[in-house]
Amino acid sequence: MSSAAALAVELGFDAETCTRLGALWGKSRKNAGGTMNLLLSHLFDTAAVAELLWDNFLSSSTKDRLDSVSGDRGRRFFAWICGIHDCGKATPAFQVLDAVEARRVRASGLSWPASVTPKTRWRHDRAGAKLLIDHLGEVGWSEEAIDWIWPLVAGHHGLVPERGAVAGSFVRADGHGRGEAWKSVQCAVVAVFTRAQGFAEVVEVEPVVMLTRSEQLHLSGLVVMADWIASNENYFTGIDDLNAVTMASARGRAANAWRELRMHGGWGRLSTPPEDILMERFGRRARAFQRHAVERVRAMSSPGLLVIEAPMGEGKTEVALATAEIIAAAFGADGVFVGMPTQATCDPMFTRVREWVGKVGPGLEDRVVLLHGKRDFNTEWKRLLNPPQVDPDHWWDSVGEDMYGMSSHRDETAGGSGPSEWLLGRLRGLLAPVVVGTIDQLLHAATRTKHVMLRAAGLAGKVVILDEVHAADVYMSQFLHEALRWLGQARVPVILLSATLPAEQRRSLVEAYATGGRNGVRTSLPDLPRPTGYPSITTVCVEADEPEVLVTSSESWRAPEPVGVELLSVTRKKPGGQEGEGPEDLADLVALLNRRLPVEGCALIIRNDVRRAQDTYTALCKEFGEDVRLLHARLAVEPRARRTQECLDLLGEPGKGKPRPRRMILVATQLAEQSFDVDADLVVSDLAPIDLLLQRVGRLHRHQRARPTALKRPTVVVTGVTFAADGPPRFLASSEHIYGRYRLLRTADLVLGVTGTAGWTLPTVIPGLVESVYSGHDENRTRWPEDEQKSRADWEQREEARKANARPFLLSAPDEWTAPTLAGLSYAHVAGAHEQTRLDALVRDGEESVEVVVLRRDERGYRTYRNVRLGVHGEKGPELLEDVVAGTVRLPARLTQAALRELGTLPEWSRHPWLKHTRALVIPDDTTSVELGGSVVSYDDNLGLVVRQPIGVGRHR
């Protein structure tokens with residue numbers, strides 16, 4: 001294949017221009033393995049990587065779409081659009097940045113005024129956009145094509161500017177290079193690169209149709225991906241001789257990088273899935289509801305939205321994975337993203353997805369990525385990493401703006417069948433073909449943040465499955481709706497799962513996806529049918545810009561069964577006027593458990609806050625000893641992961657895990673509320689809004705097994721509320737703080753109304769119960785109308801405020817949904833939001849919380865949570881990193897500012913990439929606790945992080 005120099009001659013460029021082409025640098029010696037890399041060499045390298053992405057990584061749906069856009073030249077077009085990204089480096093503003101290389105460029109005959117210096121604020125990404133706007137216009141491209149192409153170049157460093165920003169004052173000062181010599185060499189760069197991709201001239205590259213805005217964002221992320229791989233100096237060392245720059249050489253380098261990085265795609269284009277897919281994949285006959293879902297999906301004419309509503313334990317996860325496979329085969333998806341509500345629910349789902357995907361694509365089970373910040377303590381995940389690799393989620397904040405994602409922990413001997421290390425780095429987790437992570441990962445893709453296009457690229461080409469979607473509150477729902485609009489426009493299939501989805505929430509989710517499918521045209525569906533039965537399935541496809549919505553129902557596999565509802569009031573006054581459990585209240589709970597579980601049985605007690613769970617556990621241990629266990633979010637990461645898995649093993653499905661204990665009492669917080677496959681003989685729950693209360697009831701008699709005689713009738717005991725004869729009920733202060741009084745009132749009315757009766761007939765009444773609390777059509781439904789009206793007004797005011805709080809951070813404002821291109825996408829991005837804690841707080845409307853490492857200290861120095869000594873100044877921390885991070889725990893949000901102000905790192909940790917950013921909560925042995933932000937903080941091996949207030953100070957919520 002001809003060299004770049006030969007191509008320049010063939011294209012008719014004079015000798016001076018060819019000489020200048022051989023002087024323009026794209027990567028400095030420092031960033032190219034010790035030898036400068038010519039600009040054209042980097043463009044060729046990136047195009048070669050793009051070809052491998054096309055051949056081995058992109059989904060069939062993505063390739064089909066790019067073929068249609070480019071007139072069946074998708075591979076060449078994709079390679080061109082990825083490679084051309086750095087053409088803006090052919091400008092004075094960039095070439096001046098390296099003093100040594102700048103002298104070589106000047107020697108070739110290119111010059112610039114003294115005003116152009118390395119300190120001048122003009123970026124090559126914007127310069128490249130300006131260069132292409134001018135050049136493509138001159139060769140005859142249409143304005144429409146130019147308008148959606150230039151943002152892909154302007155945004156390849158993570159931010160897409162407005163069009164006006166690509167022609168700033170520095171361009172007028174000749175930082176862009178307006179002279180004939182510069183214009184000639186810029187044209188040569190584009191022309192030579194274009195010819196090397198198999199196009200005779202630039203005009204031939206012009207796309208024949210336009211991608212939607214969401215598809216453009218997807219393509220933008222793939223450009224970034226190709227650039228980052230091609231910028232890895234370990235595999236793309238510099239080439240400073242133009243005669244040595246060829247596509248053949250670039251392809252060889254790219255192939256070696258691909259092999260060494262162990263890059264891989266998903267399952268490819270699937271064949272038609274087996275007819276009895278549930279039996280083939282999960283070894284059990286399909287239930288009526290599951291067969292119905294499969295039938296509905298097989299009838300879908302285009303990628304769309306599937307909303308599956310079914311009782312807890314009905315088999316929603318199995319049918320979601322089965323239907324995802326059917327959808328992928330029909331519409332060319334190459335993998336899945338499974339989004340879960342919490343980190344705790346991700347771990348068991350990770351196991352289930354791996355088992356399933358190994359049957360879809362043998363060998364792919366070892367490439368599934370677990371995407372949450374505590375995955376290092378998941379034993380199954382750790383076994384996949386062979387040899388063990390540093391979890392980037394622990395060190396990514398320290399790497400700054402590493403545009404190429406090169407790991408400082410690279411191991412030349414890394415091998416095995418696990419996920420590619422490259423896909424585990426900062427911002428790249430969603431790019432893996434099969435991913436299990438928290439729903440936050442999807443919500444982050446709906447934020448106006450830097451490099452959001454990488455997240456979009458990770459979701460496109462997949463089937464997206466979101467479990468427990470009802471768990472998204474009004475603030476989180478703004479990001480969920482925004483994500484659904486972008487996914488709908490990109491024609492990404494989405495499956496939503498819930499057992500307790502209010503009708504209005506269902507409508508808003510459907511409308512968001514349909515709005516995206518109609519290219520941002522706001523869609524209202526006032527006649528959205530309501531399910532006539534339960535379980536139900538809603539399918540949404542957009543054909544010819546018109547949404548087609550079908551709502552159908554089927555039968556549950558379980559016969560309706562009464563669930564008893566009892567009350568246990570535990571909010572009496574303690575001495576001093578505080579609300580909470582006093583010794584006499586916990587005695588009632590102890591008495592209840594002694595009656596129901598005298599010698600055998602397994603009970604689940606769910607508390608609404610950590611402090612309450614710790615107090616309950618302490619009291620119950622005195623009576624029941626080692627039969628009691630505790631699980632909550634303020635345990636250090638290692639014991640939390642271990643305890644979670646132990647609970648799943650002990651209380652899970654019969655025949656799996658460990659033998660069921662004769663008697664066990666698990667005290668937990670909301671961690672056990674949903675997607676937590678434990679089977680309790682008895683559930684005791686603090687009052688929560690009805691959908692969440694029903695989720696907790698879903699842990700009750702979850703599987704078929706023999707029960708103790710006293711526990712044969714499924715019963716939930718509701719606590720955390722006190723009813724008065726002459727007024728509204730009183731709730732725990734923490735419960736009101738978390739959930740608001742309005743929905744607690746409406747739920748309390750339902751609970752009170754059924755107490756002493758046969759109970760709730762589940763699952764039949766679930767939709768009606770949820771609607772009775774969440775429907776706004778009956779304002780005075782409860783027996784406390786005045787209190788209800790006031791609490792409703794307060795609730796509505798807070799909800800509107802929270803919606804407003806989310807708007808500035810959404811990827812698009814409502815008036816931008818129909819925008820045709822990405823221009824201006826990042827005009828007001830959230831600065832610094834690449835940091836994980838800021839992103840999490842951003843999409844969950846919470847104060848930014850801080851993780852700390854718990855350390856002990858005595859006269860001999862520091863010790864880890866595992867009691868491993870670190871030295872007098874913590875000097876052994878880097879070599880004992882796993883022992884250090886095992887003691888990581890998240891502080892309550894109310895202590896964030898105090899932690900930022902009062903806690904720091906250890907003296908000897910300053911040179912380590914992760915430890916230098918790690919705050920230590922140091923607890924002296926002689927005091928066992930420390931004061932932080934006016935609270936007394938300690939860590940107990942059984943209780944976890946304990947936060948108390950000094951005597952005489954009222955209890956914080």
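**Close-up 1. Arg642 in helix H26 of the predicted model**. Arg642 has a relative accessibility of 40% and therefore counts as partly exposed, a class that lies between the limits of 20% for buried and 50% for exposed residues. The residue is placed in helix H26, which comprises residues 637-651. Thr379 is 263 residues away from Arg642 along the chain, yet the C-alpha atoms of the two residues are separated by 9.0 Å.

**Close-up 2. Strand S7 and its two parallel partners, S4 and S8**.

**Close-up 3. The β-α-β unit built from S7, H22 and S8**. Helix H22, which spans residues 474-489, belongs together with strands S7 and S8 to a β-α-β unit that is right-handed.

**Close-up 4. Packing of helices H15 and H16**. Helix H15 (residues 288-298) packs against helix H16 (residues 316-331) at an angle of about 20°, and the two axes are 10 Å apart. Because angles under 35 degrees are classed in this way, H15 is roughly parallel to H16, and the crossing of the two helices is right-handed. On the H15 side, the contact involves Phe289, Gln290, Ala293, Val294, Val297 and Arg298, which meet Lys316, Glu318, Val319, Thr323, Ile326 and Ile327 of H16.

**Close-up 5. The open antiparallel sheet S25-S26-S27**. This sheet consists of 3 strands, arranged in the order S25-S26-S27 with antiparallel pairing. Strand S25 (930-932) and strand S27 (944-948) are the edge strands, each of which pairs on one side only, and the twist from one strand to the next averages 35°. Strand S26, made up of residues 935-940, pairs with S27 in the antiparallel sense over 5 bridges, and Ser938 stands opposite Val946 of S27.

Terms used
Residues numbered from 1 in each chain as written. Predicted model: local features only at pLDDT ≥ 70, side-chain atom pairs only at ≥ 80, totals over all residues. Heavy atoms only, no water. Pairing = 2+ DSSP bridges. Helix = DSSP H or I, 4+ residues; strand = E, 2+ residues; numbered from the N terminus. Right-handed = clockwise from strand over helix to strand, strands pointing away. Axes fitted to C-alpha atoms, helices over the stretch in contact; angles between N-to-C directions. Parallel < 35°, antiparallel > 145°, perpendicular 65-115°, else oblique. Left-handed = near helix turned anticlockwise from the far one by under 90°. Contact = heavy atoms within 4.5 Å. Buried < 20%, exposed > 50% of the residue type's maximum accessible area, 1.4 Å probe, protein only.
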